[in-house]
There are 4 protein chains.
Amino acid sequence: MTVRVGVIGAGTIGQDHIRRIAEVIPGGRVVAVTDADAARAGEVAARLPGAAVHPAARDLVAAGDVDAVLVASWGEAHEEQVLAAIGAGKPVFCEKPLAPDGEACLRIIDAELAAGRRLVQVGFMRRYDAGYRALKAALDDGSIGAPLLMHCAHRNPSVPPYGFSTEMIITDSAVHEIDAVRWLFGEEIVAARVLRPRRTGRAAAGLHDPLIVLLETASGILVDDEVFVNAGYGYDIRGEIVGESGTVALADGGQVIAASAGQRAGRVPAGWRERFSRAYDAELRDWLAAAARGTAAGPGSWDGYAAAAVTGSCVEALRTGDRVAVSLPGRPALYPEAG
Amino acid sequence: MTVRVGVIGAGTIGQDHIRRIAEVIPGGRVVAVTDADAARAGEVAARLPGAAVHPAARDLVAAGDVDAVLVASWGEAHEEQVLAAIGAGKPVFCEKPLAPDGEACLRIIDAELAAGRRLVQVGFMRRYDAGYRALKAALDDGSIGAPLLMHCAHRNPSVPPYGFSTEMIITDSAVHEIDAVRWLFGEEIVAARVLRPRRTGRAAAGLHDPLIVLLETASGILVDDEVFVNAGYGYDIRGEIVGESGTVALADGGQVIAASAGQRAGRVPAGWRERFSRAYDAELRDWLAAAARGTAAGPGSWDGYAAAAVTGSCVEALRTGDRVAVSLPGRPALYPEAG
Amino acid sequence: MTVRVGVIGAGTIGQDHIRRIAEVIPGGRVVAVTDADAARAGEVAARLPGAAVHPAARDLVAAGDVDAVLVASWGEAHEEQVLAAIGAGKPVFCEKPLAPDGEACLRIIDAELAAGRRLVQVGFMRRYDAGYRALKAALDDGSIGAPLLMHCAHRNPSVPPYGFSTEMIITDSAVHEIDAVRWLFGEEIVAARVLRPRRTGRAAAGLHDPLIVLLETASGILVDDEVFVNAGYGYDIRGEIVGESGTVALADGGQVIAASAGQRAGRVPAGWRERFSRAYDAELRDWLAAAARGTAAGPGSWDGYAAAAVTGSCVEALRTGDRVAVSLPGRPALYPEAG
Amino acid sequence: MTVRVGVIGAGTIGQDHIRRIAEVIPGGRVVAVTDADAARAGEVAARLPGAAVHPAARDLVAAGDVDAVLVASWGEAHEEQVLAAIGAGKPVFCEKPLAPDGEACLRIIDAELAAGRRLVQVGFMRRYDAGYRALKAALDDGSIGAPLLMHCAHRNPSVPPYGFSTEMIITDSAVHEIDAVRWLFGEEIVAARVLRPRRTGRAAAGLHDPLIVLLETASGILVDDEVFVNAGYGYDIRGEIVGESGTVALADGGQVIAASAGQRAGRVPAGWRERFSRAYDAELRDWLAAAARGTAAGPGSWDGYAAAAVTGSCVEALRTGDRVAVSLPGRPALYPEAG
């Protein structure tokens, strides 16, 4: 069965997912597009044989030939769009964040609980990355013993000089480690702190970059996450888990090693699209497979909610300088264990 | 457009390609299967909605609903099956070898020339591997200067104790480096030698394993290829090109590095399926895209022929101990430059 | 000129330094030994042609044929012994700590200032390690831009089950990163925090292992140091400095890579003696060269004092859970810049 | 005991050894110098307290205060100088080659046999390199099974445009792999071939660079050695031994890894002095220790002879293009097993 997909939001990420469904993975076909910018929606749809343009998200969600919805609009709009899809009983893939705050996420959870089955997948693609999956496999097979702490680094070459705030270092970047930590260790994050190292002179005025985000899990695992969005040299995602009897770390990952001019060098990815290309493929493949069965797989509403709660605590910790606890209600039985 | 594929040969590789078309890549659907073992063909087809079983390859090729043919039968049968597909004007993907000897390959070339367009792709998947493509990119961007020599190693953990001859180390294993060398350097191989290092005690009686195959290209690039099919520790494909100003080599490629018990270690792949999984995906994706246009892309009949000619010279060199020249007729204009 | 060395303390480290002077490096000869255990002093001296045994440190320091003094006794005794050497105008190498607390270190500084020239070298051997020197060279040549933060890990395979307290994780282990940080960045540490990750079950009762020590330098560089003294798998010292335009990290450092049984692995050192063997050689070579000129080089009393002050703040931070400031008096002109 | 050393040849290598004895290692003192260029000998001796200048090698060897002789003159002079030292019963360290041809080496062996004890050490420093020692340790502990073949590369950044012939690629460069192979495997080399890959345009006219030297040992181990003396990018020594159950290879060996400008890079040594600095220290330390006992250790006359015999066969193989056998007489009992 080919899942007929309606895409809300035809910007960079939306177009990338459309290309993926059209050319890279099987099982889906984009039949409808909408965007706040109608002209852009039209241009994108024109390249997709038989795809309709809808004036608004609600029309697209309601369209009879749309089996499943992919939300790639801006975060503020997610709640309404995801609720609409749930209301229509249609599987929905929502780019992170599920919604900008925990309250909104809880409303989505309530709607999904009312629907009685999982319909929402959140775009935490790292769970589909071969490196992260190998970390988890090493944890799960016991080869490093019980995990005690984890070191992470999340480095972007740069962010736009305007419109990227210090809070966004947490909500846009660190949120990926927040979800990954929950998934890797299968437990919730219970407290957070944010430290401010010396600021790079290459960040825009008012942006405190880099940050160190410290996370504590329920069992006491301590995670330090360097988040540096103007690291300059490339897009570099590092992770090392330290256990009672050993450690496991993400490998460097280049394809070749070149020796020239006195050095031996491998490539650092230029950006997240290069680094996580395969993971994006895999998450959408997984989504389409579940959508064909009328449900959702992978990271769901609870994960979107927990991430929002932790990022909220981190933002407060950034503001106050204090350790801020995270408090979550009980997890509904619809959702599997953390991670 | 979805290409309707008929598969000849439902063994290990054939089934793997069927799974790939069904689950991993878009653009194709397997509608017909045949196999020398009719029961096996039936079982495989039963798992594919709407797929027919044909009693013989010729019936499958002739079937009206088969747009393109995938040949994964044993090498002796390839010539007849590929010629049938060409005769029917249908694109055909043929696992290596294109045919067991150069004469047979030339008959395929003649048929394709008569058809007036490329219809054949040969299964040299390394051309689609990210590592090999990065080697070629480094060559092509001039970062190591003009290439002078290349070191290769091709190590399998083991081969079956019966039925694998010393010649097959060349025809089944080294053939991959032979094609890769032609493609990387864009020139033909003009001579070959085969050396016999000390024999491993872990090979079956009568099997001289490992071998060193030495290849010379038209411009004098010298390639040494260690081919070791009972290497024991894993499936390990190494390659380093030495140029006038630097070198470029395949990286190790594991996902994670684990530290435990006094060492820091990465994984070596267990076999070719693990190592080249992405490359197989990419070659079939490329094939289906070309087949949808009624033609073929990637490695073609000429490459299949050149590989057969060079492996023939290697086999003679293995037998005689001498340097054996490779002589090729002129390349028809239908085929792009070597590689 | 051969420097005639008197050694105070003939335990493991003292004997290792004696072996080094006798067999590995030029420029010195051990002519006198003393130890709280007189029998041990006698046994060690008996293997050194012409070496005398002295009943007490003060006798050894006063001996006319002793040109310079090497202190490898326990930390509580250092102050008195170093002061005696300064009083006698003799160069003295003192294993860390220079003295157990900052007040004692300041008394040594006063004595050295009164002597009018540097006489004391402290055993911070990492300043002589090729890896650390390469880190510093990369910082100093500007190749990573201004430093912003540093990640360290200091892992011992294990510590004895009795007699090793949580405080000692700071005073015995983290003290090496504390000195290295001051030296690498050429600035003082101004505040410290200590975090307690989940505790390993392999530590002795009462030992909270591992710890994360957080250090802030005068310019705001933030250093996180994982100190894990029961890491099990080996002795592993990691360090990565993150600058405005790039990073530089200690390499893995093994001599060979072995592939077997599905993995490719390098060795992790078994202990500090293996890891820093060359650095110990170099620090003593440097010391003897300076001693031959009647003075001292490398890390000195001020560095010993600063390390004691910072470890003191760390110990308080461990106890209270708070961020604790470090306050240092002005640095006397006798001592070069921090580090 | 301090060995009083007389040095014959005060050029680059001679001065480097003098510096080493004076400043880096214990146990020796240079008391006499001679050189074909008397002025140079005088300048070098002037920097060594109490060192005499001798007009000729024979005077230096005969001098009563010279306990041992270090020969760093040009190869043509070695035979006479080494024979003089043997005649005087004095231990002698001789830079490679022991003598330019096998016949001369045999005369040295005869003299040493007549002296009744080992007096000669040849400067094959790789036997003292930590990387090569780790290769040998891996072989000896059985971790890769029985060795079957070895891949080597020996790359210099460049050689002087005049005076470096194609034969010297073998006699000056490949000779190091020739000795290392004998030592690693503990067996003699019985045949050699030399192949000519495409020539680099960066070599001087008349120099065929690089070469591939193929060596066969008595048990059939096959070694391919790429020798490339104008490799441009650095001084790079590679080695991988392939055994029945695994492989072991020299590691990359840099001290730090730097990430900047889209890549992650380690340093390649600039030259042999940087690469083998520690090995030179260790070989002279070993020599002085043996000389203090009136004898020699490490690689000896037999190793110098075997290396000369194999390089002779290689030079013939270079000229003829054929496989050339190496024939050695029986090894006298004075010398331990090959290697």
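Buried area is the accessible area (1.4 Å probe) that two parts lose on being put together, summed over both. The model is predicted: local features need pLDDT of at least 70, side-chain atom pairs pLDDT 80 or more, while totals for chains, interfaces and linings use all residues. Side-chain values use heavy atoms, without hydrogens and water.

**Exercise 1.** Describe the interface of chain C with chain A.

*Solution.* 
- Start with the area. The two chains bury about 2800 Å² between them. Carbon and sulfur atoms carry 59% of it.
- Count residues in contact (heavy atoms within 4.5 Å). There are 34 from chain C and 34 from chain A.
- C:Leu148, C:Arg198 and C:Glu244 supply 23% of the area that chain C buries against chain A, more than any other three residues.
- Count salt bridges (a side-chain nitrogen of Lys or Arg within 4 Å of a carboxyl oxygen of Asp or Glu). Chains C and A share two salt bridges.
- Take C:Arg155 with A:Glu240: the closest N and O atoms of this salt bridge are 3.2 Å apart.

**Exercise 2.** How do the axes of helix H5 (residues 102-115) and helix H10 (residues 301-320) of chain A cross?

*Solution.* 
- Take the axes, lines fitted to C-alpha atoms over the stretch in contact, with angles from 0 to 180 degrees between N-to-C directions. They come within 9 Å and cross at roughly 165 degrees.
- Classify the angle. H5(A) is therefore roughly antiparallel to H10(A), a term for angles over 145 degrees.
- List the contact residues. H5(A) uses A:Gly102, A:Cys105, A:Leu106, A:Ile108, A:Ile109 and A:Glu112. H10(A) uses A:Ser301, A:Trp302, A:Gly304, A:Tyr305 and A:Ala308.

Technical notes:
Residues are numbered from 1 along each chain as its sequence is written. Chains are lettered from A and ligands numbered from 1 in the order in which they are written. Helices (H or I, at least four residues) and strands (E, at least two) are DSSP runs, numbered from the N terminus. Angles under 35 degrees count as roughly parallel, over 145 as roughly antiparallel, 65 to 115 as roughly perpendicular and the rest as oblique.
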